[in-house]
Amino acid sequence: MTDQAQILPGTLDILILKAVSLGPLHGYGVLLRIGQISGQALLIEQGALYPALFRLVRQGLLKASWGTSENNRRAKFYELTASGRKRLREQMEGWNRLATAMGSALAAQPEEV
Amino acid sequence: MKLLAYFRSIGEKFFLRSQLSAEMDEELRSHIALRAEDLERSGLEREEAQRRARIEFGGQEKVKEECHQALGGNLIETAIQDVRLTLRMLRKSPGFALAAILTLALAIGANTVVFSIMNAFIIRPLNVPHAESLYGLWRLEDDMSESYPDYVDLRDRNHSFEALIAYNVNEVALDTGNNPSRSWIEEASGNFFDGLNVQPYLGRFFHASDEHGPNSAPYIVLTYKYWHTHFHDDRGVIGQNVAVNKHPYTVIGVAPPGFHGTLLFFHPDFFVPIVNHDIDGGTQLNDRRSHWVFITMGHLKAGVTTGQAVADLNSIGQDLLRKYPKDEGKMTFKLVRPSMYGDYIGGPVREFLTGLMLLASLILLAACANLGSLFAARAADRSREVALRLALGSSRKRILRGLFTEAVLISLAGGAVGLGGSIFLLRQLSEWQPFPRFPGYMAVTPDSNVYLLALLLALASGFLFGAVPVRQVLQTNPYEVVKTGSSGRIGRRITARDVLLVVQIALCAVLVTSSLVAVRGLAHCLRSNFGFDLNTMLAETDPPMAGYSGDRVPALQKRMIDALKAIPGVESVGLADQLPLSEGSIYSNVFADTTSDLRPSKAAMNPVIFKVSPEYFQAAGTSLLSGRSFSSHDDKDSSRVAVVNGQFARRMFGSIQNGLGSYFKMPDGTRTQVVGIAEDGKYDRLGESPRPAMYLPILQSPSSSSWMVLRSRRDSQELGGAIRSALREVDAALPVYITTRYRALDTVLFGPRMATLALGILGGLGAILAVVGIFGMAAYSVSKRLRELGIRVALGGQRKEVLQAALGRAFKLLAYGSAAGLVLGILASRVLAFIVAQATPRDPLVLAGVVFAMALLGLLATWIPARRALSVDPLRLLRED
């Protein structure tokens, strides 16, 4: 577990949105997808996932419906709504800006100051 | 979209609770199953995989709880929980809940009733469009009345009003074919309805274009209520011919339901054009001297200030004075609100209601103080529970929220009960017709203003008294309380609660003082000398209602007097055109005999004028100080004579002796000789200072208005019947109104009675609250000091000392509060004197009464605590704890 990065506060939502934006997923699928797309670097605590999913549904960013999983188990599937897609785009831009800024700040050399 | 999702989420949470929970369970189960399958695939045993999956997932219930919270609406949910908890707690102590709710209901009810009346009297404008720009004309030298020609000049020459309208209140006989009945009407100018911008409910209104001189517009517009009650909503009534005072009229329209003219609380039966005023038989339409037009008013034009309008009117007045020096006095105007009978009663009513509102809000404050103490005591009793909850990890915020929920719930319940009670009371009030002869209703219907106020008051007082125990809870130290039990610290210094209690007692004393002053004033009034006897019967007829006019009137009056005199048991019968202290008086200018300048501005005085039959003085019980009464020889052919009252004689001639036999002049220049001096009396109001009055023989100054005064020892009920049948034999078409002299005082007594009643009720409320407050304080202090008292008793303390220790403080507070209240009450009584004549607090009986009442209240409130303090059993007390 120690080699996995701690999730920064506030990043769980964007990760979930991103994971779901690649195709409808059930809760466990969201976990797997986040692990997969982060190269297993980011791992989410299983219990923390569901409150976040419920909150995103309440905020109208996700839409839930019951369906059948790949191995024939009944599961609740989440997909992105239009406003969820919009929110994801905004957050990605914000995140990229922050990452760029952090990158250049941390790369600063003494002579540049 | 987002909002929709939010509401759906909350909706599911509150309404599909069990389904939601089942779905959550299923979702989590499927998650764990999926995980277990993955683990199984990676080589674990099935059982082990399932176990690992469950462990990895952690506490399912905790996750569910968090999901539940993520659904939103948490505030609502905790509020619901708080309310549930509070209701459970209150159900456990119903006595406390009931007492608190009732206290608040009384206080909030009192406020809503007073505010509703104030709302209806003062705040809410008339029920016509743009009532806020409506102003009435008030002549500074006089009152609101105008003569018709003056009104017409003002109407046609002013540049300030959209339309200057005028109306007069009158009583006529309406005959729809079978039986003539008395009706109250408004005689309205042709532009009345158009000027007010009111539309007819049925048919049409009359307009300015219908007026073509005296008696040119025999039209009737019914009010909706009269149409409903007397014509049973018959739409065929339009065009129907009726008789008003025996003159043919046509019904042309019905006014809309909410419209009953522009006088608050007066509900006329119908409207007729003012140009037809001559059917009244008395005054002439075009007489410039006779000011019978009751109220003149209009909408100010947009952009015109009241100052400009007054200047405009004053310049017209100056011009009229120049043109008609014989008829006009000085004419300067002010603008007033027209609905409260102008400022006739507006001023004192406003003052009194404002005072009442103030008292009512003080009562609410006192109630809040009481409830605050109650809540503080309750919080103290619950300190163990609070401490336990704190120790178990509840936040202080949550506990305080619970306390406030309790306070607000109680205050809302109290507010609802109070509002309900006041609506019930006001409904009774609206149906009540305080003056039997006059269609006046106190139609006070609570509107949204009132509901809003009740809600605000309830919430505000809830937070106010809910805030009292806050500090107590914040300072609770759970360890100390759980360890030692609630400690009984006795505060020796002056606390806020003491101050509140003193204020409350003072308030109660103010109210008790005021109501005693009012009651005494009223009683005093009724015992004072009115200048006439109260034990007489009255019968009123209006001869024009049966078509009498001119010379036929005196003949009819003589026949009526003779008919009444013939009734067995009637000792004497007098007739007058108006009676003192009944429905407003008629005045006339008089001039010194030496003056030849008869302009109104040169008048010596303006006495009340009565036109009476010879036997009037004897029948009414007005005694003559000197000289003679009238006789049947004082008629048109003999020289003019008058009886004046003492005040008239003193002011005009210097003394009563000088007055007898002297002369003065009437406005038309007639020399009149004083042949008798009558005692002074009350004419307009009970509280008036002595004013001049004169009596003229009705044979010399005819009037069709006929009030007959009967002196008899017979029972008033059966005498009434005899009077009715005697007058029916004179003329069956003559509507008669019969009452006793005492009942006829109702009109002038209305204000003082209402004031006394209102103060009495508020005084009672204040007393209840004060008793509860003192009781609470005394009981609390006795129970907190029971041990100390026990020790005192054990050491041989006397009863007196024990009582002093237990209740000394309560009595001290009572004394301070009462003294302060008494002083304030005496100051407040000056305001009261405006309404209740002769209300003076400088009355030993009042002072003694207040002291006695307060002592009684104190005794009542401390009785039970005192008994408890005296029955302290030291042995048992010391054994406990």
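Axes here are lines fitted to C-alpha atoms, for helices over the stretch in contact, and angles run from 0 to 180 degrees between N-to-C directions.

## What this is

This is a predicted model, so some thresholds apply: local features need pLDDT of at least 70, side-chain atom pairs count only at pLDDT 80 or more, and totals for chains, interfaces and linings use all residues. Residues are numbered from 1 along each chain as its sequence is written, while chains are lettered from A and ligands numbered from 1 in the order in which they are written.

Overall, the model comes in at ipTM 0.84 and pTM 0.71. For chain B the average is 84, and 94% of the residues score at least 70. One stretch to treat with care is residues 486-492 of chain B, where the pLDDT is below 50; beyond near neighbours in sequence, that stretch has seven contacts in the model. Contact here is a matter of C-beta atoms, placed from the backbone, lying within 7 Å.

## Chain A

Chain A is built from four helices and three strands, in the order α-β-α-α-β-β-α along the sequence. Both kinds of element are DSSP runs numbered from the N terminus: helices are H or I with at least four residues, strands are E with at least two. The C-alpha atoms of chain A fill a box of roughly 60 × 35 × 20 Å along the principal axes. Confidence in chain A is highest in helix H4(A) (residues 82-106), at a mean of 90, and lowest in helix H3(A) (residues 46-58), at 85.

H3(A) also packs against helix H2(A) (residues 27-37): the two axes come within 10 Å and cross at roughly 115°. That makes the pair roughly perpendicular, on a scale where angles under 35 degrees are roughly parallel, over 145 roughly antiparallel, 65 to 115 roughly perpendicular and the rest oblique. From H2(A), the contact takes Gly27(A), Val30(A) and Leu31(A); from H3(A), it takes Gln46(A), Leu49(A), Tyr50(A) and Leu53(A). Sorted by class, those are five nonpolar, two polar and no charged residues. For the record, Ala, Val, Leu, Ile, Met, Phe, Trp, Tyr, Cys and Pro count as nonpolar, Asp, Glu, Lys and Arg as charged, and the others, Gly among them, as polar.

## Chain B

Chain B holds 27 helices and 21 strands. Its radius of gyration is 38 Å, well over the 29 Å that the globule rule gives for 881 residues, so chain B is more spread out than a compact globule. That radius is taken over C-alpha atoms, and the rule is 2.2 Å times the number of residues to the power 0.38. The C-alpha box for chain B is roughly 135 × 80 × 55 Å along the principal axes.

## Two helix pairs in chain B

Take helix H18(B) (residues 552-565) and helix H22(B) (residues 716-730): their axes come within 9 Å and cross at roughly 140°. The two are therefore oblique to each other, and H18(B) passes H22(B) in a right-handed crossing. Arg559(B), Met560(B), Ala563(B) and Leu564(B) of H18(B) meet Ile723(B), Ala726(B), Leu727(B), Glu729(B) and Val730(B) of H22(B). That contact has seven nonpolar, no polar and two charged residues.

Then there's helix H23(B) (residues 746-784) with helix H26(B) (residues 844-870), packed at about 20° with axes 8 Å apart. This angle makes them roughly parallel, again with a right-handed crossing. Among the residues in contact are Ile774(B) and Phe775(B) of H23(B), plus Leu857(B) and Arg868(B) of H26(B). By class, the contact has 14 nonpolar, two polar and one charged.

## Where the chains meet

Across the interface, 22 residues of chain B are in contact with 19 residues of chain A. On the chain B side, the elements giving two or more residues are helices H1 (2-15), H2 (17-41), H3 (46-57) and H4 (60-70) of chain B. H2(B) supplies the largest share, seven residues. That side of chain B has 10 nonpolar, five polar and seven charged residues.

Key: Contact = placed C-beta atoms within 7 Å. pLDDT = per-residue confidence, 0-100. Left-handed = near helix turned anticlockwise from the far one by under 90°.
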